[in-house]
Amino acid sequence: MNTADGEPNVLENAICLHEEDNGTLWERSDWRTETDEVRRRRRLVVSFVAAVGNYDYIFNWYFYQDASMEVEVRLTGIDSVSAVGPGEDPEGYGELLAPQLNGPIHQHFFNFRLDMNVDDGPNTLYRVQNQQVPAGPDGLEAMAEADDRCHNPGGQAFYADRTKLESESEAKDLIDPLKGRYWQVVNPEQTNRLGKPTGYRLMPGNNVEAAVQPNSSVMKRSGFIEYHLWATPYREDERFPAGEYPNQHPGGAGLPAWTEADRNLEAEDLVLWYTLGVNHVTRPEDWPILPVQVYSVKLQPVNFFEESPAIDVPPQHAIENQDVPGHGHCETDAEADDD
Ligand SMILES: [Cu+2]
């Protein structure tokens with residue numbers, strides 16, 4: 001960090017590391033054979049907390065046994081409030097949090113710079129989303145390139161459409177949860193045992209579009225909030241999505257400036273930039289201190305492994321009965337009585 005004078009300010013023990021139980025990892029109960037198997041999920045947590053103005057933002061990086069990763073932000077702290085007159089109701093632009101206390105409605109935006117480097121090589125980016133198919137055998141006439149996928153007599157057929165995003169302008173994208181949209185980064189030079197390029201996909205979660213106008217000061221100085229996804233070829237000096245000095249800048253720095261060149265993204269050293277927007281319509285339950293609001297985005301392997309990497313997680317009884325001095329020896333009732 002830096003001091004107010006711009007001098008380096010080293011924070012000791014600012015990054016935390018712990019492991020925690022996280023419910024069920026996988027489970028199967030077979031009613032035919034009356035057998036069941038269950039494994040518990042544990043995750044490695046690497047975290048830090050950034051106190052910025054009136055908020056504390058808790059950032060948790062999760063690493064799971066199925067080789068997926070998740071970056072989560074937990075928003076807490078104290079709403080920025082203002083006073084209103086007795087009987088006044090700011091409904092719309094704000095909400096009453098307590099008598100004569102207005103909590104303005106606002107948004108928070110985070111951007112995560114993800115230097116992908118999937119399988120240690122050149123990377124290519126795809127957008128994947130559901131594609132519905134016109135119903136009936138005649139439906140294929142509506143499709144430019146008719147193939148077997150276009151036969152949909154029952155009307156239920158759909159498939160996962162993959163579009164290669166070859167340049168910076170093509171990669172500027174928004175979430176589309178209704179279509180199940182996600183983005184997949186593959187290494188075109190590496191394949192799994194099925195001959196598919198190894199990859200990881202970015203799975204967006206809860207998100208929102210920026211509610212400000214294109215020419216507003218906020219949009220100019222933090223132009224990265226216009227899209228949820230940006231992709232760039234790696235450059236060592238491209239570090240911050242709004243540029244180096246967003247607060248006093250006239251606007252346009254960072255991602256909007258870099259991507260103006262519309263650089264090639266195919267078989268490149270790819271960096272994904274994910275914008276996570278949080279809409280905050282305030283409420284009395286946020287006051288006097290905001291209970292954490294949780295948002296995240298996930299990275300999951302696709303064709304990266306030969307099978308589920310979580311298949312070898314031992315059952316709980318095997319973990320608990322390990323022969324560790326002072327642990328694992330369960331006394332029977334008879335032994336306990338003898339004592
Ligand atoms: Cu807020």
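Colleague: Let's start with one residue. Which residues does Leu-202 touch, not counting residues up to four places away in sequence?

Modeller: Contact here means heavy atoms within 4.5 Å. With those sequence neighbours set aside, Leu-202 touches Leu-114, Tyr-182, Trp-183, Leu-229, Leu-272, Tyr-274, Val-297, Lys-298 and Leu-299.

Colleague: Before we go on, what am I looking at?

Modeller: This is a predicted model, where local features need pLDDT of at least 70, side-chain atom pairs count only at pLDDT 80 or more, and totals for chains, interfaces and linings use all residues. Residues are numbered from 1 along each chain as its sequence is written, and side-chain values use heavy atoms, with hydrogens and water left out.

Colleague: Okay. How many residues does the largest nonpolar core have?

Modeller: First, the idea: a nonpolar core is a set of buried Ala, Val, Leu, Ile, Met, Phe, Trp, Tyr and Cys residues joined through side-chain atoms within 4.5 Å. Buried means under 20% relative accessible area, exposed means over 50%, and partly exposed is in between, with a 1.4 Å probe and protein chains only. Here the largest core has 32 residues, and Phe-110, Leu-125, Leu-202 and Leu-272 have the most contacts inside it.

Colleague: Which strand gives the largest share of this core?

Modeller: Strands (E, at least two residues) and helices (H or I, at least four) are DSSP runs, numbered from the N terminus. Strand 14 gives the largest share, with five residues. Several strands supply at least two core residues each, including strand 8 (106-115), strand 12 (197-204) and strand 14 (270-280).

Colleague: Why does this core lie between domain 1 and domain 2?

Modeller: Because both domain 1 (1-78 + 289-339) and domain 2 (111-127 + 160-275) give residues to it. Those bounds come from an automatic or database domain assignment. The C-alpha centres of the two domains are 27 Å apart, and 17 residues of domain 1 are in contact with 20 residues of domain 2.

Colleague: Is Gly-199 buried or exposed?

Modeller: Gly-199 is buried, with a relative accessible area of 0%. You'll find Gly-199 in strand 12. Leaving aside neighbours within four places in sequence, Gly-199 is in contact with Val-118, Val-185, Val-186, Gln-300, Pro-301, Val-302, Asn-303 and Phe-304. Its C-alpha atom and that of Asp-5, 194 residues apart along the chain, are separated by 44 Å.

Colleague: Now charges. How many salt bridges does the count come to?

Modeller: The rule is a side-chain nitrogen of Lys or Arg within 4 Å of a carboxyl oxygen of Asp or Glu. The count comes to 14. Take Arg-42 and Glu-19, whose closest N and O atoms are 2.6 Å apart. Arg-42 lies in strand 2 and Glu-19 in strand 1 (residues 16-30), so this pair ties together parts that are 23 residues apart in sequence. Arg-42 is partly exposed, at 36% relative accessible area, and Glu-19 is partly exposed too, at 49%.

Colleague: Which salt bridge links distant parts of the chain, 102 residues apart?

Modeller: Look at Glu-266 and Lys-164, whose side chains meet at 2.6 Å, N to O. Glu-266 is in the loop between helix 3 (255-258) and strand 14, while Lys-164 is in strand 10 (residues 158-165).

Colleague: What makes up the nonpolar surface patch of about 270 Å²?

Modeller: Leu-17, Leu-44 and Phe-63 make it. Leu-44 sits in strand 2 (residues 35-52) and counts as partly exposed, at 35% relative accessibility. Patch residues have over 30% relative accessible area and no salt bridge; like charges are joined within 9 Å, and nonpolar side chains (Val, Leu, Ile, Met, Phe, Trp, Tyr) within 5 Å. The areas come from the Shrake-Rupley method with a 1.4 Å probe; for residues, only the protein chains shown count as cover.

Colleague: And the backbone: which residues does a cis peptide bond join?

Modeller: Trp-287 and Pro-288, with omega about 5°. Pro-288 is in the loop between strand 14 and strand 15. Also check Asn-13, which has a positive phi of about 55° although it is not a glycine. Asn-13 lies in the segment before strand 1 and is exposed, at 75% relative accessible area. Asp-119 also has a positive phi of about 55° without being a glycine, and is found in the loop between strand 8 and strand 9 (124-132).
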